[in-house]
Amino acid sequence: MENKKKKIGVLTSGGDAPGMNAAIRAVVRSALARGMEVVGVRHGYNGLIDGDIFDMNLRSVSEILHRGGTILYTARCKEFRTREGVLKAKDTCQKLGIDGLVVIGGDGSFRGARDLSLEGIPCVGLPGTIDNDISCSDYCIGFDTALNTAVEAVDRLRDTSQSHDRCNVVEIMGNGAGHLSLDCGIACGASAIWVNEVDFDVDVSIVQRILDTGKTGKHHFIVIVGEGITDVHSLARYIEERTGVESRATVLGHIQRGGSPTAKDRIMATQLGYHAVELLEQGIGNRVVVIRENHVVDFDILEALQMKKGIDRKLYEIARSINI
Ligand code: ATP
């Protein structure tokens with residue numbers, strides 16, 4: 001009997017992150033190198049439900065390594081959260097002979113990957129989010145690029161802040177997690193970093209700090225605030241009222257999600273994509289491939305979803321003592 005070639009699919013889901021294309025490229029090329037067939041699924045799980053799927057070859061992923069976004073498009077798919085949706089996706093996979101899937105996205109996407117794995121379609125998740133908030137992984141694809149983008153933007157604000165003796169309040173993305181804010185605050189020498197993970201008193205940690213450091217001859221200040229914590233425009237007005245230092249607010253927003261991925265993101269994404277294909281080749285699914293202590297490892301999805309990760313408290317304390 002003729003041996004059927006293994007066929008795998010790849011999709012991106014949830015928010016986009018720079019480096020997703022590098023991961024797609026690694027998946028496609030690793031699979032082809034192992035004699036497997038590969039299909040691309042567009043718009044996340046929607047593509048599995050609607051059959052928006054196409055064959056991929058070596059050239060399908062040419063010239064994408066350095067490009068931000070995702071050539072497969074990404075989406076949030078309400079229907080896939082229902083059993084009917086998952087069964088439709090399973091049906092599509094069976095009709096097209098898809099033996100396994102690589103899902104690049106965040107926690108929510110991993111939950112979907114688990115549901116489909118439990119229905120008999122092996123899925124492997126790869127962590128892709130600029131928020132770096134996937135607990136099982138020390139690192140998520142897109143974080144380094146977003147961090148460098150944020151740092152560059154804050155450096156620009158610092159120039160004008162310095163020229164005018166101002167305080168600049170900058171909102172950084174993170175979806176409730178403080179990783180991007182903390183690292184950006186360290187790299188930019190922010191006078192204060194407000195993240196959800198620490199108790200924070202505006203009067204002590206911002207107002208008093210500005211007044212105290214002002215006495216040492218410092219006249220411009222950067223305050224980093226994690227997304228969703230407070231209205232940064234109101235905060236800037238409050239700081240100005242209390243300190244007398246002219247204050248402005250900036251929301252960096254989706255700027256942080258775009259742009260060419262850094263070398264680090266390309267390398268990480270390439271390693272993770274390669275490992276995912278190794279698992280699927282063996283028919284192993286219901287796994288996430290992540291970075292732990294500088295190694296590529298994989299975990300059961302449920303086990304991975306139950307892990308916890310906080311911010312680096314030591315780093316936070318260092319920032320508080322140095323950025324004065
Ligand atoms: P980001 O970190 O960018 O938000 P994410 O993968 O966590 O990425 P979600 O919107 O939570 O983003 O999930 C992406 C998609 O995964 C959802 O639109 C849905 O299709 C699927 N999904 C999420 N949660 C579940 C679930 N509990 N069961 C099945 N599918 C899910």
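How do the residues of the lining of the largest pocket divide into nonpolar, polar and charged? Hold that question for a moment.

First, the ground rules. This is a predicted model, so local features need pLDDT of at least 70 and side-chain atom pairs count only at pLDDT 80 or more, while totals for chains, interfaces and linings use all residues. Residues are numbered from 1 along each chain as its sequence is written, and side-chain values use heavy atoms, with hydrogens and water left out.

Back to the pocket. The lining of the largest pocket has six nonpolar, 11 polar and 11 charged residues. Here Ala, Val, Leu, Ile, Met, Phe, Trp, Tyr, Cys and Pro count as nonpolar, Asp, Glu, Lys and Arg as charged, and the others, Gly among them, as polar.

A pocket is an open set of points with protein on both sides within 12 Å along at least five of seven lines. A cavity is a set of points where a 1.4 Å probe fits but cannot get out. Lining residues have an atom within 4 Å of a point. Grid points are joined across faces, edges and corners, and the volume is the space filled by probe spheres set on the points.

The largest pocket holds about 620 Å³ of space. It is lined by 28 residues, and G14, G15, R76, G108 and S109 are the closest to its centre. Helix α4, residues 107-118, gives the most to this lining: six residues. Helices here are DSSP runs of H or I with at least four residues, strands are runs of E with at least two, and both are numbered from the N terminus.

Next, the second largest pocket. Its volume is about 190 Å³. Its lining is N132, D138, F143, H179, L182, D183, K309, G310, I311, D312 and L315. Helix α6, residues 179-188, gives the most, with three residues. By class, this lining has four nonpolar, three polar and four charged residues.

How many cavities of 30 Å³ or more does the structure hold? One. The largest cavity has a volume of about 90 Å³. Two or more residues of its lining come from each of β7 (192-194), α7 (202-215) and α11 (313-322). The largest share, three residues, is from α11. Among the lining residues are A190, F200, R209, Y316 and N323. The classes here are six nonpolar, three polar and two charged.

On to the cores. A nonpolar core is a set of buried Ala, Val, Leu, Ile, Met, Phe, Trp, Tyr and Cys residues joined through side-chain atoms within 4.5 Å. Buried means under 20% relative accessible area, exposed means over 50%, and partly exposed is in between, with a 1.4 Å probe and protein chains only.

The largest nonpolar core has 74 residues. V10, V169, C184, I206 and I224 have the most contacts inside it. Helix α5, residues 143-164, gives the most to this core, with eight residues. Apart from it lies another core, of 30 residues, including C77, V86, L116 and I134.

Take I224. Leaving out residues up to four places away in sequence, I224 touches V154, V170, I172, S181, C184, G185, A190, A192, I193 and W194. Contact means heavy atoms within 4.5 Å.

Cysteines next. A disulfide is a pair of cysteine sulfur atoms within 2.5 Å. By this rule there are zero disulfides. For C136, the nearest cysteine sulfur is that of C140, 7.6 Å away. C136 counts as buried, at 1% relative accessibility.

E63 is in the loop between β3 (53-56) and α3 (83-96). E63 counts as exposed, at 60% relative accessibility. E63 and K88 are 25 residues apart in sequence and 33 Å apart in space, C-alpha to C-alpha.

N175 sits in the loop between β6 (167-172) and α6. Its phi is near 55°, a positive value in a residue other than glycine. N175 is exposed, with a relative accessible area of 56%.

E293 lies between β10 (287-292) and β11 (295-300), in the loop. Phi of E293 is near 50°, also positive. E293 is exposed, at 68% relative accessible area.

Note on methods. 1 Å grid on protein atoms, 1.4 Å probe; cavity = no way out; pocket = protein on both sides within 12 Å on 5 of 7 lines; lining within 4 Å.
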